[in-house]
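Reader: Could you walk me through how some of the helices pack in this model, and then through what sits in its core?

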Amino acid sequence: LSGTIAHQFTTMAQVDHEVVIAADEGVSDDGQSEIESIASSTTSVSSSILDYRFENGRTYHRYKDGKYNIPNDEREMDRLDLQHHICLLTLGGSLGLAPPCQPGVEVGRVLDIGTGTGIWAMQFGDDHPEADVLGVDLSAIQPEFTGPNVQFEIDDLEEEWTYSQPFDYIHSRFMTSSIANWKDLLTKSFNNLNPGGYIELQEPDLFAQSDDDSLPSDCALNRYCKLLSEAMAKLGREYVSVPALKTLMEEIGFVDVTLSCYKWPMNTWPKDNKYKELGSWNYENISQAAEALAMAPLTRAFDWSRDEVNVFLIDVRKDLKNRNYHAYFPLSHLIRETVGFEEAITDSFKWPPISRPKDRYHCDEVYSTHFIGFQSIIYSSNSLRSSILNYRFENGRTYHRYKDGKYNIPNDKREMERLDMQHYLWLSVLDDRLGVAPPCLPVTKVGRVLDVGTGSGIWAINFGDEHPESEVLAMDLSPTFPGAAPPNVIFEVDDLEEEWTYSRPFDYIHSRVMTACVNNWRVYLQKCYDNLVPGGWVELQELDLFPCSDDGTLTPKHPLMECCQLLLEASEMFGRPYIPIPPLKQLLAEIGFVDVALSVYKWPTNPWAKDPKYKELGELHGQNMAEGLEGFCMAPLTRAHKWTPEQVNVFLIDVRNNIKDRNIHAYWPILRDSILESRFENGRTYHRYKEGKYLLPNDLRELERLDLQHYIWLLVLDDTLGIAPPCREGAKVGRVLDVGTGTGIWAINFGDDHPESQVYGVDLSPTLPEYVPPNVRFEIDDIEEDWTYSQPFQYIHSRIMTSSINDWRVYLQRCYDNLEPGGWLEIQEFDLMPKSDDGTLREDHSLVKWINLLLGASEKLGRPYIEIPPLKHLLEEIGFVDVELGLNKWPSNDWPKDPKYKEIGLTQCENILSGLEGFTMAPFTRVYEWTPEEVNVFLIDVRKDIKDRSIHAYWPVPEKEPTPAPPAPASPEAASPTPAPSSPPAPAASQPQSPAKTPAKTPATDDASIPAADQTSAEASAKSPAPASS
């Protein structure tokens, strides 16, 4: 290919001043924010220019919004650079056909119109260091560092050009559909060229052609091009007819305009190697461009939805891949010099027709592209309605309708969230790796990757992030893909049981939990084999349907086993049986795979296991099963066994009880052991998801302490769950969010007290209590990421989140934004530093030293303990009204004489002592690099201070009744960042400000002075230690 094109260029270059015009379909318009003007009228870069428009998962320029309908994100920039490479292949490595692009030619000023990523301008600047190159675009996406002779500016070519000096060469590539008035643009170009200067336009034709009529006129690709043409005409920026530009240029004053045409095959169908290579590159280009070119025009002009566009593109991509369609896209070059030189004229040069392949190796068998539901869409501007998007609604859940019945699990948001949670379960199993095959190693460089049955797309996105050099294609029957993805990840709706017509093989194919989704595993695995490069990898991550138990505690008579048997029978009726995993190893070997390895390990059904690593894995898997059980069972049992939804739900009660029953020591066989050592640290377990955001353990010991601490809150708040009105008896409450739910005990209690409410508990660690009311749901989530709840809440409850939040303003703003008008936010917090009213707690006490060290560690970790009083002002700044701060005291042990405070102190002492090591170990070992032994030795004296009844210390805490309280210190699980005695903690109950509501007040707290210490107990403190924690 390169040699042929180079020869063609040499032939054409023999004609002096030949003009070939090719319009650049400037994909992402680009500009740079910090460049100097070259005597231009361009608008300087401002924040509004960089404030891109986010739409349908892509970003678009906002400056002169709507003038360019193709994205400007990283994914599109990568495609533009790829397209530049194809242009170089076409032109034999040259940047253009005009004489200024020839080696050795001295060039003055050069203008690159619609510079995009700036790659052409930078290469021209490198090739011609004597030239001054200016690249202009609507989007500021050019690189920050360029050659000294290259500058970029943000400008609108349709405004007046006021350059102080003319140019010797103007280059324009792929500007079709970006220009409203071509005559105006070409006139400006003519007026801004030196006599004898050159303009070169490189433009494609929108419609594909074939020399042998193998491209059907009614195919999806032609429908796509027709719709694009109509959409852009409606938007006022038509795809231009390239031959018409030749006439227009001559009318303006350009002379001897020459039009040259080349052919870009749409895939690798040609037999000739030079065209095959060009087709291979062009297929990658147009398959990526299909969505970019269509999304904005079809959604803006015809009001299609994003899903409708993606579904329509299924058949378009099939046409692009179909090697029986011997189609190509014409690429035209128009070159012309301004008047001022004697010029020779040459006829338009065209490549000869591309020869058809003669054998099956070069031309695959005919591939049908008929697609249900699109016969009537041709050329229609009405909103697309497809069977793919018209989900099947059944028994309260949605299912895919495209290839209805091939997948019997829902595809709604609830299931997508479960799939994401299941993904984190796999990460736990695979040591935070996405797979066990070598391509998943961090150091491995990977090419093309296929993710089969991608579901929510989370695996593909993670892989794309970890391997930016790779190209990841993720496919599924349902268009349930995320709104945003890395630029190297593409999602497609497809059926893996149809013919695979990928133009190039893959280096790695990933397949997860496809059992009961495939009707013929031999055919499926054979397709995987045929579509892998030599030495490529396929990885199957599968579960056996039936759980096991090694001690016989799970019997065939249990409802759980009966449920699995019913699912197996239903899958066989559907023709997609659940398969046993071990036989797949032999099948892979028979097909031709080598070095097949199968590892079978165990996922406990719940935290019944004694070993901490399996206990934690059981918690995760138990939650996964609890979330997915109804989805797994409803369609199979109602469709195959003709059960009613009510019968299914009643049956699942006993199944859930089996899954939660810790006397049944069951597990599911899995592919690889769950190695949790990396989450084990100094004898405790910590969350792995978003590791480091929460520094306290999440093991059973800590969960029991959290439940004890909840009991203290009930003591303080007179057996109520909060002081905000939603916690009052008889209050009717809607949606409730419990942030940092921990063991979930508060959410469960609230759900029981308010059965009419919907309670969501979120935490970084999985929450799986044995009992959960039907109106309570737990989710693993990171509150520091964007909140995407579909509906606002009436009440948000937040308890002891100090040292877990890095930006309280952002957190509280999210709370405000996610509350309905008149809703309530209640914050229950501690100050970290304890106090004493009689001076018995001194600065030299080990307890105070411990607090100061903890404060320093939390600040170094970026999650400081906060002062509570400033939160009141912060809430008011954000917009909350009637913010109340109530304070009271939690004694460090049972030193008070008053029975009420004595009981609180006794329980608080047990709480602090049981949590002391958990509060301390990670911060001190990670920040100060203490050894566990040094931590434990230091804590000996801290425990003595906590139990010392002669030290009349307390932590200020909130109380329901009015209390003019002192500053609020916090237990190590909550806390404020400074030990200042003036820092009171408290639950703040507040409402978001809204003109449509009446502010509500929470009750003030009452007096906070603890009665005198019990003298007898104080005198005995040295002899009898405080009660030991149970």
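Reader: What is the handedness of the crossing where α3 passes α8?

Author: Happy to start there, keeping in mind that this is a predicted model. The two partners are α3, residues 74-90, and α8, residues 273-301, and their axes come within 10 Å. Where α3 passes α8, the crossing is left-handed.

Reader: How is α3 oriented relative to α8?

Author: The axes of α3 and α8 cross at roughly 150°. Angles over 145 degrees count as roughly antiparallel. That is why α3 is, relative to α8, roughly antiparallel.

Reader: Which residues of α8 meet α3, and how many residues of each class does the contact have?

Author: On the α3 side, the residues include Arg75, Leu82, His85 and Ile86. They and others in α3 meet Glu277, Leu278, Trp281, Asn282, Glu284, Asn285, Gln288, Ala289, Glu291 and Ala292 in α8. Sorted by class, this contact of α3 with α8 has 7 nonpolar, 6 polar and 6 charged residues.

Reader: Which element gives the most to the largest nonpolar core?

Author: That core has 39 residues, and Leu221, Tyr224, Met266, Leu298 and Val316 have the most contacts inside it. At least two of its residues come from each of α6 (220-234), α8, α9 (306-321) and β10 (327-337). With 11 residues, the element that gives the most is α8.

Reader: Which residues does Leu221 contact, leaving aside neighbours within four places in sequence?

Author: Leu221 is one of the residues with the most contacts inside the largest nonpolar core. With those sequence neighbours set aside, its contacts are Ala208, Leu215, Met266, Val316, Asp319, Leu320 and Phe329.

Conventions. Residues are numbered from 1 along each chain as its sequence is written. This is a predicted model: local features need pLDDT of at least 70, side-chain atom pairs count only at pLDDT 80 or more; totals for chains, interfaces and linings use all residues. Side-chain values use heavy atoms; hydrogens and water are left out. Axes are lines fitted to C-alpha atoms, for helices over the stretch in contact, and angles run from 0 to 180 degrees between N-to-C directions. Helices (H or I, at least four residues) and strands (E, at least two) are DSSP runs, numbered from the N terminus. Angles under 35 degrees count as roughly parallel, over 145 as roughly antiparallel, 65 to 115 as roughly perpendicular and the rest as oblique. A crossing is left-handed if the near helix is turned anticlockwise from the far one by less than a right angle, and right-handed if clockwise. Contact means heavy atoms within 4.5 Å. Ala, Val, Leu, Ile, Met, Phe, Trp, Tyr, Cys and Pro count as nonpolar, Asp, Glu, Lys and Arg as charged, and the others, Gly among them, as polar. A nonpolar core is a set of buried Ala, Val, Leu, Ile, Met, Phe, Trp, Tyr and Cys residues joined through side-chain atoms within 4.5 Å. Buried means under 20% relative accessible area, exposed over 50%, partly exposed in between (1.4 Å probe, protein chains only).
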